[in-house]
Amino acid sequence: MSSDTSTKRTPIVFDVLGTLFSFESTAAALIEAYPSLSPAAGQAIIDDLFHSAQRDFTYLSMNASYTPIATILRSSLPRVLMMNHLVPLTDDPSTLTNDLDPILSTFGSLPPRPSLQAASNLLVSSKRFALLAASNGGSESTRSLLERALKDEAKEWDVFSCDEIKVAKPDQEVYEAVWEKLGVAESKGRHGWFKTCWVSYEEFDPLTSVWGTPDLICADLEEAAKKIVELEN
C-alpha cells in the first residue's frame with residue numbers, strides 16, 4: 001500500500017495468486033487423481049508447482065524471455081509429478097498434459113481466501129482506498145476470479161497483469177506500471193519503498209532475518225484490511 005497526496009484515495013495493491021485466491025481446489029483435484037496422497041502431501045506438491053513456476057516466470061523475464069505464467073504452470077505440472085513419482089518418467093512430458101486436464105482446469109476457478117469478501121467490503125465501504133489486484137496471471141482470468149468471488153463489488157477493483165508489459169515481478173518496471181495505472185504521480189520503483197502487509201496463512205514465517213519486518217503482519221485479509229484502515233486514520 002502507498003499513500004500519495006496527488007490521489008484522493010490511498011492506493012492498495014494486492015498480490016493475487018496465493019494471496020487473494022488459494023490453490024486448494026487444485027490440490028483437491030490432484031488428490032482425486034492420485035487418491036494415495038494425503039491432504040498435506042497433495043497441498044505440498046501443488047505449492048511446489050506454484051513456487052517453481054513463479055521462479056521460472058521471474059528468471060525467464062530477467063533473461064528477456066517473458067512467458068505467461070499460465071503457460072509455465074501447464075508445462076511444469078508433468079515435471080513436478082515426475083519428481084514426486086506420481087507419473088512415469090518420460091522424455092516427452094507433453095504427452096501427459098491431456099491426462100492432467102482435470103487438475104489444470106482448476107487454475108481458472110481458484111477459490112477466494114475466506115476473508116477476501118470481508119476485507120473487500122471493509123475497504124470499499126470506507127470509500128478511502130483505490131484497490132488494485134496486481135497479478136502474475138492474465139488480466140481476463142484475474143478479473144474473472146474477482147467477479148466470481150466479489151460479484152458486483154469487483155467493479156471497485158482495478159486489475160494489472162504482468163502480461164501487459166511482459167515483465168515479471170519484482171522488476172521495478174512492474175511497480176512503475178502499477179502506480180501509473182493507479183494515477184500515483186511519482187513512482188519510486190522497487191518493492192521496498194512503500195508500506196507492506198504480510199499475511200501469514202500460507203508461509204507462516206515472514207523470514208524477517210532475510211526480508212526485514214513488514215509494516216503489518218496479519219493472520220488473514222480481513223485483519224489486514226482493519227489494520228490498514230486504522231493506519232490511515
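The crossing of helices α2 and α3 is right-handed, where a crossing counts as right-handed if the near helix is turned clockwise from the far one by less than a right angle, and as left-handed if anticlockwise. This is a predicted model, in which local features need pLDDT of at least 70 and side-chain atom pairs count only at pLDDT 80 or more, while totals for chains, interfaces and linings use all residues. Residues are numbered from 1 along each chain as its sequence is written, and side-chain values use heavy atoms, without hydrogens and water.

**Helix packing**

Two packed helices are described by the angle between their axes and the distance between the axes. Helices (H or I, at least four residues) and strands (E, at least two) are DSSP runs numbered from the N terminus. Axes are lines fitted to C-alpha atoms, for helices over the stretch in contact, and angles run from 0 to 180 degrees between N-to-C directions.

| Helix pair | Angle | Axis distance |
|---|---|---|
| α2 (residues 39–62) and α3 (residues 69–83) | about 130 degrees | 9 Å |
| α1 (residues 24–33) and α2 | about 120 degrees | 9 Å |

Helices α2 and α3 are therefore oblique to each other; angles under 35 degrees count as roughly parallel, over 145 as roughly antiparallel, 65 to 115 as roughly perpendicular and the rest as oblique. Their contact (heavy atoms within 4.5 Å) includes Ile 45, Leu 49, Phe 50 and Phe 57 of α2 and Ile 72, Leu 73, Leu 77 and Val 80 of α3. The residues of this contact comprise 13 nonpolar, three polar and four charged. Here Ala, Val, Leu, Ile, Met, Phe, Trp, Tyr, Cys and Pro count as nonpolar, Asp, Glu, Lys and Arg as charged, and the others, Gly among them, as polar.

Helix α1 passes α2 in a right-handed crossing. On the α1 side, Glu 24, Thr 26, Ala 27, Leu 30 and Ile 31 meet Pro 39, Gly 42, Gln 43, Ile 45 and Ile 46 of α2. Six nonpolar, three polar and one charged residues form the contact of α1 with α2.

**Backbone features in loops**

Lys 169 and Pro 170 are joined by a cis peptide bond with omega of about 5 degrees. Pro 170 lies in the loop between β3 (157–161) and α7 (172–182). Lys 127, although not a glycine, has a positive phi of about 55 degrees. The loop between α5 (116–126) and β2 (129–135) holds Lys 127.
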